[in-house]
Amino acid sequence: MPESPTATPAYRLRSVCVDYPTPAGPVSGARDITLDIPSTGMTVLAGPSGSGKSTLLRVLGLFERPDRGTVELDGTDLARLSHRRRRALRRGRISLVFQNPVDNLLPQLSVAGNLRAAAESAGRHRYPDDELGDVLEDLGLDGTGEWSVTALSGGQQQRLAFGCALARRTPVILADEPTSQLDDTSATRVLDVLRRLADRDLTVVVTSHDGRLIDLATRVVRLRDGALHAVADEAEAEKGHDTV
Amino acid sequence: MPLAWRTAPRAALSSPLVVLITAATALLTCFLATATSLHTSAAAGAAIADRAGSVCEDQYGPFFNARSLTPSEAALVADTVRTRAPEHGFGRPVVGLYTPVGAAEFGDETYRFRLAYRDGGVDDLELLRGTRDSGLWVGSELADAENMPLGTRAHGGALPPTTGVYRDLRLPAPGPWCSARDMTITNRLVDHIETGAIVFATDRDAFDRAVTHFDRLERTVVSFRAPPPSTLDEAEDRAARARALIADVDADLRARGHADLVHGSVPFQRSIDLAGRAESNVGLSILPLAILAVLVGCAGAGMLGVQWYQRRYAVIRLLAARGHGPGAVGLLALAELGLPVTLGGAAGILLARVLLPAYGPPGTIESAETWAAAAGGGAALALSLLLLVSIVALRAHREFQRGRAASRRLRSRLPAYVPWELGTAAVAWAGWLRLAEYGGTSRLGDPLPQVDPLALTYPVAVVLTVGIVTARVAFVLLRLSHRARLWSRPPLQLAIRRLAGARAAVVGVLVVTMLAVGTLAVGTGVSEGQRGALENKTGMYVGAESSVDVGRSVGTGETPLPAGARTGTSLVGRFNYTAGEPTVAVVDPETFTGVAWTRTFDDARLRALLERISAPDGRQLPALRVGAHPAAPPEVAGLPPLDVAADLDTFPLLSGEPGYVVSRDALTDAQLAEVPQWTVLSSGPLRDLTRAFSDAGMVHPNAESRADVLDALPFHVVDWTFSFVTLLGLVLAVVAILALVVAVETRRRQNALAATLLVRMGMRPATLLRSHLAELGAIGGLATVAGVATGVTVAAISVRRFDPVRWLAPVPELPDLAGLIVSVVAVSTVVVLLTALLAVRSARTTTPAELLRA
């Protein structure tokens with residue numbers, strides 16, 4: 001069972017604003033967002049296109065610095081960190097899974113090679129074969145270790161992407177609409193993987209407007225026009241209560 | 001090394017075309033960087049080789065010359081030089097001793113003769129009769145004329161016996177006798193064989209026995225036989241050692257109380273100075289454009305970095321998300337493209353050395369210079385790799401570390417707002433002004449005009465200025481192109497939109513292509529113009545390939561030409577009584593056109609003109625008037641008044657000097673007998689011509705050859721400079737083609753998406769192809785037209801200004817560039833066609849996955 005959302009948050013966001021410069025003037029990608037993301041369970045950032053989901057995920061993935069407000073990860077103020085410290089955090093604490101399955105893998109490597117490269121990138125230079133086999137089995141990819149990643153289907157690639165996140169053993173996994181480019185069957189298998197991840201002691205943050213994925217969430221954060229619209233925890237979500 | 005980096009070279013193989021283009025870009029960049037240095041060094045070597053003929057064979061090192069020494073003083077000088085020479089790296093000196101002309105009786109007759117000796121000198125004479133035994137060798141003219149038997153001992157037996165008869169030396173002096181020609185060759189115009197014979201002593205002992213007859217020697221020469229230096233460094237080294245030897249010999253002789261006994265010199269020093277100037281002129285002239293071209297090549301490497309970043313964006317983002325920094329991402333680019341870049345660069349360096357004989361001046365270069373040039377190529381290679389890594393790292397930093405950046409667009413566009421064309425125009429203007437002075441002060445004695453390297457950059461600066469202005473205009477037009485509404489012609493509208501959408505790349509390709517075509521045209525035009533000018537000026541000056549003056553009896557036909565000079569020759573007579581008066585030349589219409597230098601004439605017209613002046617009307621003598629500023633017809637004693645039948649700017653033998661040409665056929669024998677000066681023109685080499693006259697024992701002064709009548713170095717300097725400009729044009733052309741292919745390949749996905757949509761909307765594939773043809777044709781066509789127009793115009797204007805010998809006609813003319821223009825148009829057409837097909841093909845072969853991602 002996941003921990004209660006009231007436990008120490010992994011991310012603490014306070015009045016976060018992100019502006020994008022455009023020829024017509026700055027456009028807000030995120031407006032005054034104050035939010036805690038629990039250190040366990042799955043938080044889904046939901047909302048229509050342009051609502052600020054991906055901007056928020058970029059902020060959480062340390063790809064973007066907010067123009068205003070503060071973001072803390074495990075109590076560390078990210079704004080004060082140097083590029084080097086931010087890279088170190090990305091390397092050791094965060095794994096990102098992108099929307100397009102193939103974008104999460106190194107095309108010149110095999111399936112096993114990708115897992116090893118992912119583990120290596122987090123400082124795990126020795127990645128035991130039995131652990132690799134377990135991960136593949138967990139993902140339903142057993143027997144594909146020596147395959148080229150291009151031989152995998154989109155769903156398999158996306159599951160392997162989460163496998164890479166597992167291989168990195170980071171406490172935070174961020175995923176950007178991981179099922180949006182998959183058919184139903186593939187999406188279902190990815191959801192299974194996500195469900196298992198959510199059951200572990202990990203911070204999983206996913207952007208999506210996939211109803212099935214929202215159903216798996218322990219906390220749903222709804223965004224609209226770059227602003228926080230509603231936050232619902234698992235219990236409240238089941239009752240249909242949202243809080244802002 | 002992490003797995004992703006270790007396996008990166010394998011990832012490069014996923015796109016062989018990119019690998020190929022990457023290697024080719026590095027190859028061209030390193031080729032240019034290496035070739036610039038090699039070309040300059042080869043120019044120095046070629047200049048040294050060219051100047052080797054300007055001094056005698058024994059004058060490449062130290063040369064000691066003394067007059068009026070006693071035989072003992074001469075021996076002292078020779079010994080001192082012989083002692084000191086090894087310390088300075090010189091071998092055994094060659095001592096030449098020549099007495100004044102003195103009198104002695106051989107048998108019953110008294111003859112005037114000069115006694116001559118040189119170490120090993122008899123080996124350079126042709127022995128006709130007798131032996132090499134110790135004694136004296138008498139010239140064949142004297143021996144034959146006087147029936148002098150071998151064994152004759154002159155001066156009542158006081159002199160050694162004559163043991164041989166040698167063939168008399170004749171002008172032009174054979175190489176070994178060049179520096180002593182005034183001592184060893186009798187001037188037949190002054191000295192009769194009986195009053196100026198040269199008698200050689202076969203060895204020093206014989207000379208010492210014979211020289212007791214003389215108090216003093218007229219000349220003493222101590223020199224060194226060595227092959228000419230092949231490089232400037234070698235020549236400079238030899239000259240430095242020669243100066244040191246001369247100083248030591250002077251000091252030794254002064255210490256013995258014989259100061260100023262001998263004059264030491266380095267005759268080749270002036271040639272070394274000229275070669276050095278030629279090297280710096282060529283080097284400094286090609287340097288700006290070479291730097292620009294290398295920078296274009298490096299920018300190409302940078303563009304490859306940008307293209308790699310776009311292609312590998314997903315991988316870069318993944319690695320950045322996993323905490324890898326910009327430097328690591330840059331190194332990933334290096335790991336993937338480093339090998340093709342390095343191999344391409346190494347091939348470029350190697351190719352530059354191997355192909356040097358094909359593109360560079362015909363000079364030798366030393367291995368140190370080759371290594372220095374290779375180091376230049378290596379520096380360009382390192383710069384390319386650094387740029388590749390830096391650009392990728394910078395982009396990764398900007399995107400994944402810094403996030404969004406304000407005013408990025410302004411900064412990236414800043415270079416576009418700098419008025420570069422004003423700078424290049426200023427350079428062009430300054431070059432033009434300096435060019436006005438060029439060649440105006442050259443003389444036969446000081447043939448290399450003071451050329452400012454800036455002047456030589458003028459044509460290229462003009463091409464560059466026009467290129468930048470064209471780019472600016474094209475950029476503005478493309479920005480305004482959204483106003484164009486040509487939907488009734490879909491291919492055109494599509495082409496315009498595509499061009500406007502990629503206007504930065506379009507302008508880049510346009511500038512490089514225009515520069516390529518422009519530099520090709522201007523390089524070829526000026527370079528070939530110089531070669532033509534050298535040929536025509538020397539041909540006009542000599543009148544044919546070679547010429548010698550002959551006596552009046554030969555000219556009139558009273559004495560027949562020697563057997564060896566009866567074919568391929570033509571006799572030309574000249575009336576030229578006083579300086580400033582126009583010369584009247586008498587030509588033989590039958591032989592003249594086949595022998596004389598008539599390349600600048602229309603053969604049929606010249607024949608017709610000569611035919612016209614061969615038929616006098618009895619009262620007047622028809623003549624061709626020659627010269628840009630013709631003089632009034634002179635009154636020539638014995639000839640009827642001249643009647644001008646036609647005007648010509650130049651004429652062989654007269655060049656552009658004012659003069660008149662009459663036909664031999666129009667003159668009577670009596671009139672021919674009045675012609676004071678006769679010249680035999682020959683279409684063969686001078687050596688054959690003089691040998692024919694020498695063999696026949698006929699006097700033939702003023703021997704001249706087209707090959708050495710003018711110092712060719714000033715022509716070569718300009719030729720070599722613009723040959724390199726042509727080479728740069730070729731390289732830039734290849735760069736332009738590659739850039740076009742890269743631009744098409746980079747937009748593969750956009751093209752494919754647009755094409756798929758358009759075809760679904762009902763556009764026919766043929767229309768799509770036409771749109772690509774219009775797009776790429778516009779770039780190729782504009783660049784070709786602008787480049788050819790600029791290049792040809794600039795070459796036409798400047799080719800005359802680059803005339804280093806303006807006092808001698810004809811002026812250089814722009815060569816026929818039709819072949820070049822046709823080639824450029826044909827290559828442009830083929831490239832446009834192929835790249836258009838490539839664009840259409842990429843659209844047709846795109847996989848659905850690629851389209852989905854797009």
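Visitor: Let's start with one residue. Where in chain B does B:Ser481 lie?

Guide: B:Ser481 is in the loop that links α18 (458-480) to α19 (490-501) of chain B. Everything here is a predicted model, where local features need pLDDT of at least 70 and side-chain atom pairs count only at pLDDT 80 or more, while totals for chains, interfaces and linings use all residues. Residues are numbered from 1 along each chain as its sequence is written, and chains are lettered from A and ligands numbered from 1 in the order in which they are written.

Visitor: Which residues is B:Ser481 in contact with, leaving aside neighbours within four places in sequence?

Guide: A contact is a pair of C-beta atoms, again placed from the backbone, within 7 Å. On that basis B:Ser481 touches B:Ile496 and B:Ala500. B:Ala42, in turn, is 439 residues from B:Ser481 in sequence, and their C-alpha atoms are 49 Å apart.

Visitor: Zooming out, how many helices and strands are there in chain B?

Guide: Chain B has 30 helices and 17 strands. Its C-alpha atoms fill a box of roughly 115 × 75 × 40 Å along the principal axes. Buried residues make up 49% of the chain. Among contacts with a separation of 6 or more, 84% join residues 24 or more positions apart.

Visitor: Now strands. Are the residues of β8(B) buried or exposed?

Guide: In a regular strand, side chains alternate between the two faces of the sheet. In β8(B), B:Arg219, B:Val221 and B:Ser223 point one way, B:Thr220 and B:Val222 the other, and all are buried. With five of five residues (219-223) buried, this strand is largely enclosed by the rest of the structure. Its partner is β1 (residues 63-67) of chain B, antiparallel over four bridges, with B:Ala66 opposite B:Thr220. Strands count as paired if DSSP finds at least two bridges between them.

Visitor: What is the strand order in the open sheet of chain B?

Guide: Strands of a sheet pair through backbone hydrogen bonds, either parallel or antiparallel. This eight-stranded sheet of chain B runs β14-β13-β15-β12-β11-β16-β10-β17, with mixed pairing. β14 (642-648) and β17 of chain B are the edges, each pairing on one side only. Further in, β11 (residues 569-575) and β12 (residues 583-587) of chain B are antiparallel over four bridges, and B:Gly573 is bridged to B:Val586.

Visitor: And helices: which residues of α25 in chain B are buried?

Guide: An α-helix has 3.6 residues a turn, so residues three or four places apart point the same way. In α25(B), residues 686-695, the buried ones are B:Leu686, B:Leu689, B:Thr690, B:Ala692 and B:Phe693. Down the axis of α25(B) they fall within an arc of 155°, so they line one face; the arc uses directions from the helix axis to the C-beta atoms. They pack against β10 (546-550), β16 (677-682) and β17 (704-705) of chain B. After α25(B) comes B:Gly697, with a positive phi near 70°.

Visitor: What do β1(A) and β2(A) form?

Guide: A hairpin with six residues between the strands, where A:Gly25 in the turn has a positive phi of about 110°. Eight bridges join β1 (residues 9-20) and β2 (residues 27-38) of chain A, antiparallel. β1(A) also pairs antiparallel with β4 (residues 68-73) of chain A over five bridges, where A:Arg14 partners A:Thr70.

Visitor: How many residues of chain A are in contact with chain B?

Guide: 24 residues of chain A meet 21 of chain B. On the chain A side, α2 (83-93) and α3 (111-121) are the elements giving two or more residues. That side has nine nonpolar, seven polar and eight charged residues, where Ala, Val, Leu, Ile, Met, Phe, Trp, Tyr, Cys and Pro count as nonpolar, Asp, Glu, Lys and Arg as charged, and the others, Gly among them, as polar.

Visitor: Last one: what ipTM and pTM does the model score?

Guide: ipTM is 0.91 and pTM 0.81. As for pLDDT (the predictor's confidence in each residue, from 0 to 100), chain B averages 86, with 94% of residues scoring at least 70. Chain A has a mean of 85, with 93% reaching 70 or more, though residues 1-6 of chain A stay under 50.

Note on methods. Buried ≥ 20, exposed ≤ 12 C-beta atoms within 10 Å, placed from the backbone. Contact = placed C-beta atoms within 7 Å.
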